[in-house]
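Dear colleague,

Please find below the structure that I am handing over to you.

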Amino acid sequence: MSAPVYSDLGKKAKDLLKKGYYTENPVQVEVTAKTANNVKLHGLTASDRKDGSLSVLLEPGFQHKGHNYELGASISSDAKKGHTFKGSWEPNSVKGLKTTLGLTTLSKKTEGKPQDKIFSTLGLEYKAYNYTGTALLNFPFVASKIKDRQPIMTVTGTYRYGNLTFGGLVEEKLPIETEPFQISKWATSFDYSRDDSSVTLSVNSEVVDDDDDKLVATLGFYQRVHTDLEIGSEISVASLLEPAKIQFGGIWGIDTGSTIRAKVDSEGQVGLSLQHKLNSTVTLTASADVNAVTAVGHKYGFHFNFLF
């Protein structure tokens, strides 16, 4: 069995603490439909908490399997953030190789004026035996500042030995005009996983200023206690002079159609989520994010998911 990609290390604990909570928007309506010939349509409509406006995300896509290849493509169109095209190609002649090509247009307002940023991405992923490697090149076409036009290369690698996986990541800003070569981010992780549990230790370093690095160490834990109960936690330390941030959460399956999620962190932030499957097509989730210390800044949200 090949090693997982680097972003999947510690994924069980991260998903348990982050997924299933819909409090960024008061109301979200999500629709997913898939045909027999692998054409997929995904749509999401969300109301903005500040001004009540609606944002719409549409993601049509398809997958096609030929004799010697697998081809996929998708388009993401967000009314506020911009548009993204992604294509993938997996040649069967080279087992384990996957190539992706993307084109993204991001839109945002700076000082009341719209600022567009267009960039392309070229990605390679190769899996063989007990190791996996990826490389992603991000090349901006349009950007207002020179430093925002620097190409960025991200390389990851993982190696599996039994239940233990070692991994690393390096992000490099390639030289352009007056901007020099720079390693903007690096990370390393050690993951021990079994079917019902995992422990992950990761260290991440990111350049926040020209001469200042931010180093964060994180320890993640996941355990499936029994069929209906899962628990997980994360402990993050950014500095010996600052207190560690601790998160703990769990998922409890009440019955075949209902699930309760709960989490709490060391800053007093409490998250609650109740998910109920109304029928084979519709799932309703009600979420709340409250601060037990300050008693202000509470957030609530409802998520309707339609699957066809």
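What is the volume of the second largest pocket? The second largest pocket has a volume of about 880 Å³. A pocket is defined on a 1 Å grid over the protein atoms alone, as an open set of points where a 1.4 Å probe fits, with protein on both sides within 12 Å along at least five of seven lines; lining residues have an atom within 4 Å of a point. Grid points are joined across faces, edges and corners, and the volume is the space filled by probe spheres set on the points.

Please note that this is a predicted model, in which local features need pLDDT of at least 70 and side-chain atom pairs count only at pLDDT 80 or more, while totals for chains, interfaces and linings use all residues. Residues are numbered from 1 along each chain as its sequence is written, and side-chain values use heavy atoms, with hydrogens and water left out.

Overall composition

The protein contains one helix and 19 strands (DSSP runs numbered from the N terminus: H or I of at least four residues for helices, E of at least two for strands). Of its 308 residues, 29% are buried (buried means under 20% relative accessible area, exposed over 50% and partly exposed in between, with a 1.4 Å probe and protein chains only).

The lining of the second largest pocket comprises 39 residues, and Lys14, Lys18, Thr218, Glu234 and Ser236 lie nearest its centre. This lining divides into 14 nonpolar, 14 polar and 11 charged residues (Ala, Val, Leu, Ile, Met, Phe, Trp, Tyr, Cys and Pro count as nonpolar, Asp, Glu, Lys and Arg as charged, and the others, Gly among them, as polar).

The largest pocket has a volume of about 1,100 Å³. Its lining has 41 residues, with Lys86, Gly87, Ser88, Lys98 and Thr100 nearest the centre. Among the elements that give two or more residues to this lining are β5 (82-91) and β6 (97-110). By type, the lining of the largest pocket holds 13 nonpolar, 19 polar and nine charged residues.

Gly87 belongs to strand β5 and counts as buried, at 16% relative accessibility. Leaving aside neighbours within four places in sequence, Gly87 is in contact (heavy atoms within 4.5 Å) with Gly72, Ala73, Thr99, Thr100 and Leu101.

The nonpolar core

The largest nonpolar core consists of Ala13, Leu16, Leu17, Tyr222 and Ile251 (such a core is a set of buried Ala, Val, Leu, Ile, Met, Phe, Trp, Tyr and Cys residues joined through side-chain atoms within 4.5 Å). Helix α1 (residues 11-18) supplies the largest share of this core, three residues. Not counting residues up to four places away in sequence, Ile251 touches Leu16, Asp228, Leu229, Glu230, Thr259, Ile260 and Arg261.

Two further residues

Leu57 lies in strand β3 and is buried, with a relative accessible area of 16%. Its C-alpha atom is separated by 5.5 Å from that of Gly43, 14 residues apart along the chain. Beyond the neighbours within four places in sequence, the contacts of Leu57 are His42, Gly43, Leu44, Ser76, Ser77 and Asp78.

Tyr129 is found in the loop between β7 and β8 and is exposed, with a relative accessible area of 70%. Although Tyr129 is not a glycine, its phi is positive, at about 55°. Most residues other than glycine have a negative phi.

Yours sincerely
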